[in-house]
Amino acid sequence: MSQTATRQEGIEVYETPVTFTTQKTTVSSITDSTQTITAEESGTIFSLNRAGGIVVTLPAAAAGLNYKFHIGTTGTGTLTINAASSADTLQGVLMVIDKDEVGGLAALNENIDTLAFVVPAAADHQLVMSADTKGRFIGGMVEYTCITDSKWVVTGHLFGDGTVATPFT
């Protein structure tokens, strides 16, 4: 329906009520072994659904881009999320927890090896889940938000198995 408006003292006044519809986030399942993400897909949740491994390549870093990656199928192969180039580096923190500890309580002062907060090194530009210890189990969620033309902030959680290790490289 077309709305007509008149301006009264700098405010648009509509003759009929404006109706807002529900806005949904796009969710896309990745089942191919490789996927190149585009800038136009910013805001999309990608569910990684190929056990044999997936290599995802992000677009060139541009401030404001945002993507989420859900581990929809437990990986037996390597799940990789690459920046477009090694100059597009990562910041942030991921929580990696042993899938067998879910529902348990781990005090932060304990000397435990089944829960880790991992941070990328200054030159890291990849998230490589190449082993069970690096978070390739179903249910993980990782968000990439680009804050400059060369910097992605990565946050989220991953489920591993055993002594967890950083997936950043």
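Colleague: Does Arg-136 count as buried or exposed?
Modeller: This is a predicted model, in which local features need pLDDT of at least 70, side-chain atom pairs count only at pLDDT 80 or more, and totals for chains, interfaces and linings use all residues. Residues are numbered from 1 along each chain as its sequence is written, and side-chain values use heavy atoms, with hydrogens and water left out. Buried means under 20% relative accessible area, exposed over 50%, and partly exposed in between (1.4 Å probe, protein chains only). Arg-136 has 9% relative accessibility, so the residue counts as buried.

Colleague: Which residue forms a salt bridge with Arg-136?
Modeller: A salt bridge here is a side-chain nitrogen of Lys or Arg within 4 Å of a carboxyl oxygen of Asp or Glu. For this pair the closest N and O atoms are 3.0 Å apart.

Colleague: Which residues do salt bridges with shared partners join into one network?
Modeller: The structure holds three salt bridges. Asp-100 and Lys-99 form one of them, at 3.1 Å between the closest N and O atoms, while Asp-161 and Lys-99 form another, at 3.9 Å. The shared partners make one network of Lys-99, Asp-100 and Asp-161.

Colleague: How many residues apart in sequence are the parts that Asp-161 and Lys-99 tie together?
Modeller: Both residues are partly exposed, Asp-161 at 25% relative accessibility and Lys-99 at 32%. Helices (H or I, at least four residues) and strands (E, at least two) are DSSP runs numbered from the N terminus. Asp-161 lies in the segment after strand 13 (151-160) and Lys-99 in the loop between strand 9 (89-98) and strand 10 (115-118), so the separation of these parts in sequence is 62 residues.

Colleague: How many helices and how many strands does the protein have?
Modeller: Read along the sequence, the pattern is β-β-β-β-β-β-β-β-β-β-β-β-β. The counts are zero helices and 13 strands.

Colleague: In which sense do strand 9 and strand 13 pair?
Modeller: Two strands pair if DSSP finds at least two bridges between them. Leu-94 stands opposite Gly-156 in strand 13. Strand 9 and strand 13 have ten bridges, and their sense is parallel.

Colleague: How many residues lie between strand 12 and strand 13 in their hairpin?
Modeller: Strand 12 (residues 137-148) pairs with strand 13 in the antiparallel sense over eight bridges. The number of residues between the two strands of the hairpin is two.

Colleague: Which residues of the largest nonpolar core touch the most other members?
Modeller: A nonpolar core is a set of buried Ala, Val, Leu, Ile, Met, Phe, Trp, Tyr and Cys residues joined through side-chain atoms within 4.5 Å. In soluble globular proteins, nonpolar side chains tend to be buried together. The largest core has 30 residues, and those touching the most other members are Val-56, Tyr-67, Phe-69, Leu-94, Leu-127, Tyr-144 and Trp-152.

Colleague: Which residues does Val-56 touch, leaving out those up to four places away in sequence?
Modeller: Contact means heavy atoms within 4.5 Å. By that rule, the residues touched by Val-56 are Ile-30, Gln-35, Ile-37, Leu-48, Phe-69, Thr-80, Ile-81 and Asn-82.

Colleague: Which residues make the nonpolar surface patch of about 280 Å²?
Modeller: Patches are made of residues with over 30% relative accessible area and no salt bridge; like charges are joined within 9 Å, and nonpolar side chains (Val, Leu, Ile, Met, Phe, Trp, Tyr) within 5 Å. Accessible areas come from the Shrake-Rupley method with a 1.4 Å probe, and for residues only the protein chains shown count as cover. One of the members is in strand 10 and counts as exposed, at 52% relative accessibility: Phe-117. The patch is made by Val-93, Phe-117 and Val-119.

Colleague: How far apart in space are Glu-41 and Tyr-67, C-alpha to C-alpha?
Modeller: Glu-41 lies in the loop between strand 4 (34-36) and strand 5 (45-48). Leaving out residues up to four places away in sequence, Glu-41 touches Thr-36, Phe-46 and Tyr-67. Glu-41 and Tyr-67 are 26 residues apart in sequence, and their C-alpha separation is 7.9 Å.
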